[in-house]
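Work through the following exercises with the sequence and the model at hand, and compare each step with the solution given.

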Amino acid sequence: DTDEFLISDAGVLKRLDASLIGGGKVLQVIQAVKRDTQSFSGSNAYQAITGLSLAITPSATSSKILITSTVHAHIADYAGGVSLYRGGSQVITHSESIGSRINVNSSTRTGDNNVMSAMSFQYLDSPSSTSELTYQMYLYCRSSTYYLNRSSADSDDNDHARTISAITAMEIGA
């Protein structure tokens, strides 16, 4: 079965064999979903989110890994956010003109005890490796208590919600 794409040439649809296009195919997809809640005590540090990690082994050194993630959290304090780590090291190590600011991939401040916020991002990594790679989401906690997949109040009524968070890795062939 050959992958085919439809292209338009002067309004006429034609079929194009995917092998003529080259790279860009999704070779594998792996996802980790966190369905439970987790709380974090602020300590001016990045803390691993239990259950939001996955391992993927690229089939070629030219492959890229597209990481997408959405993390739902209640962050009552300033400077909270999530960061992507690969093999225990932060993947995006600095933002432009960071100064004394905290470096995270996505940030929010919830404020209200009854509310959660979604922090989402995408990143195309070029690891140049065929070894197994472990990606994990970390939460930066400055102070206070932060909650994952729940609000701070978390009352058992229909005014409050519970959510899931996820990370997905897709190997993209070159």
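A contact means heavy atoms within 4.5 Å. The model is a predicted one, in which local features need pLDDT of at least 70 and side-chain atom pairs count only at pLDDT 80 or more, whereas totals for chains, interfaces and linings use all residues. Residues are numbered from 1 along each chain as its sequence is written, and side-chain values use heavy atoms, with hydrogens and water left out.

**Exercise 1.** Determine what share of the contacts with a separation of 6 or more joins residues 24 or more positions apart, and describe the secondary structure.

Solution. Such residues account for 77% of these contacts in the protein chain. The protein chain has zero helices and 13 strands, where helices (H or I, at least four residues) and strands (E, at least two) are DSSP runs numbered from the N terminus.

**Exercise 2.** Examine how Tyr46 and Tyr140 pair, and what the pair ties together.

Solution. The structure holds three aromatic pairs, a pair being rings of Phe, Tyr and Trp (its six-membered ring) with centres within 6.5 Å, and with planes under 30 degrees apart counted as stacked, over 60 as edge-to-face and the rest as tilted. Tyr46 and Tyr140 are edge-to-face, at 5.0 Å centre to centre and 65° between the planes. Because Tyr46 lies in strand β5 (residues 45-56) and Tyr140 in strand β11 (residues 133-141), the pair ties together parts 94 residues apart in sequence. Tyr46, at 26% relative accessibility, is partly exposed, whereas Tyr140, at 5%, is buried; buried means under 20% relative accessible area, exposed over 50%, and partly exposed in between (1.4 Å probe, protein chains only).
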